[in-house]
Amino acid sequence: MAAAGGGDRLTDLPEEILLHILSMLPNSKQVVRTSALSSQWRFLWKSVPASLYFNSEDDLNSDEEENIIGYAASVNRELHYWRSCEKIKSFRVFPHSYEFIEHDIDLWVHFAVNIGKVEEFTLKFYFFESVDFAYQFPEFAYTNTVLRNLVLGCCRLRPSGNVKWSNLVSLSIGDAGMTQGVMEKILSGCPNLECLELDKVIGIHRLDISSVKLRKLIVTIYDRECGVDHQDYCLEIHAPHIRHLELRGLCCDEIHFQLRDVASLITAVLSLNVHFVDLEENLEKECRYLQELLHHVANVKNLELGPWCIECLSILEFKGWPVPLSSWRFLKLNSALEPYDYPGICSFLSSSSGLETLVIDWRHPKPRKLLSKYTNEDERRRRFETHSFNCSLPHLKTFKFINFYGKPSENKCVHPLIKCLCKNATALKKFGIACEFRGRDVFWNYVVRRS
């Protein structure tokens with residue numbers, strides 16, 4: 001280009017290349033600033049897909065009326081300039097609350113679904129009193145053929161007619177109250193939905209997912225969330241085509257999951273903390289609840305367990321529960337293990353002859369001391385010291401500790417577990433330990449060589 005006559009080599013590039021370069025800038029404001037470079041670049045920014053982000057938490061004391069109104073005014077000014085942009089890829093807005101600015105929020109939703117025709121829209125509020133006083137998602141927004149990803153937090157969803165989100169592939173709803181009929185409307189109005197996330201959504205007692213395209217489901221429930229008192233809240237999940245399922249949150253006597261049909265599952269994440277009011281009388285019930293969940297995920301290829309599940313495994317081992325055979329190839333245990341977890345984990349692994357990868361994430365602390373409620377210290381020590389690992393893991397090739405805190409040599413559970421795995425995993429090739437030590441990440445990677 002220089003040999004052909006010099007000039008502005010960058011401006012002489014084809015427009016599609018210039019647009020690609022501009023699209024790689026960190027934020028949309030920087031893209032707009034390029035209009036000052038030359039007259040040829042003056043309107044180039046309008047053809048670059050923009051990503052708009054407005055976060056009220058960036059302002060101190062954002063809960064005061066003056067700041068809430070000021071935040072809304074700043075968003076309105078920005079959107080006025082972006083009206084002429086040809087393509088807005090994503091629009092994310094996080095108001096503190098909708099008090100004083102409900103009309104402004106209606107305008108933002110209108111901009112997203114009608115003017116900007118965005119593909120990714122996020123509207124999440126930082127504060128709300130209860131689901132009855134949450135922002136009501138406007139009726140006009142239930143019909144849209146452009147949206148692909150929608151995230152709503154602290155919004156009331158009450159469509160009077162049908163929902164028509166024909167191109168939506170990902171939907172996340174959080175901190176909301178919803179009737180069974182509304183959930184059915186939403187699912188029927190999203191024929192191309194692939195991922196559904198329900199985070200502390202109350203009012204639904206049965207979740208029927210018949211779509212063959214919806215493959216990922218994430219559900220989080222908590223006790224006494226959203227400003228209401230749940231009584232006998234059980235969520236039945238019927239999802240025969242789901243491939244990836246995550247169950248998270250806090251369950252108690254009246255609040256829990258029931259899996260009815262998840263025959264196509266490949267990946268399951270059980271990150272629950274089950275808390276019954278009277279632990280002494282209901283510990284057996286807690287363990288049975290875990291047994292039921294594990295029964296439904298016995299045929300998955302990838303399994304991830306949270307601290308409560310791991311804690312209950314030792315109680316089940318102590319009770320002599322025969323672990324059913326499983327099909328998982330990948331197993332992740334999220335817990336800072338203690339020595340008395342060792343028998344339960346070993347018993348659990350005894351049913352995992354097809355396991356190929358084992359990961360233990362040390363970042364997650366245990367919520368309670370369930371085993372100490374079930375037996376005494378002397379009995380736990382005896383079972384730990386005399387436990388034998390009498391099974392083989394012929395397919396296990398990789399074993400990793402991640403987010404380990406401190407020195408592995410100082411933990412009583414690490415060495416026995418590594419020793420057992422090296423002895424019984426005949427195909428083990430390597431294991432690694434990633435440690436957090438004095439603010440730094442230190443990695444130990446070992447390769448197991450056999451003669």
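Predicted model: local features only at pLDDT ≥ 70, side-chain atom pairs only at ≥ 80, totals over all residues.

Let me begin with the aromatic rings. A search across the whole structure returns 18 aromatic pairs. One of these is formed by F54 and F91, in an edge-to-face arrangement, with 5.9 Å from centre to centre and 90° between the planes. F54 belongs to strand β1, residues 50-55, and F91 to strand β2, residues 88-94, so this pair ties together parts that are 37 residues apart in sequence. Both F54 and F91 are buried.

I turn now to helix α11, which covers residues 414-424. Which residues of this helix are buried? They are V414, L417, I418, C420, L421 and N424. Viewed down the axis of α11, the buried residues fall within an arc of 160°, and therefore they line one face of the helix. K419 and K423, on the other side of α11, are exposed.

Finally, let us consider E286, which is located in helix α6, residues 279-296. Is E286 buried or exposed? E286 is buried, because its relative accessible area is 0%, and the cut-off for a buried residue is under 20%. As for its surroundings, E286 and V274 are 12 residues apart in sequence, and their C-alpha atoms are 6.9 Å apart in space.

Thank you for your attention.

How values were computed:
Residues numbered from 1 in each chain as written. Heavy atoms only, no water. Helix = DSSP H or I, 4+ residues; strand = E, 2+ residues; numbered from the N terminus. Buried < 20%, exposed > 50% of the residue type's maximum accessible area, 1.4 Å probe, protein only. Phe/Tyr/Trp six-rings, centres within 6.5 Å; stacked < 30°, edge-to-face > 60°. Arc of directions from axis to C-beta.
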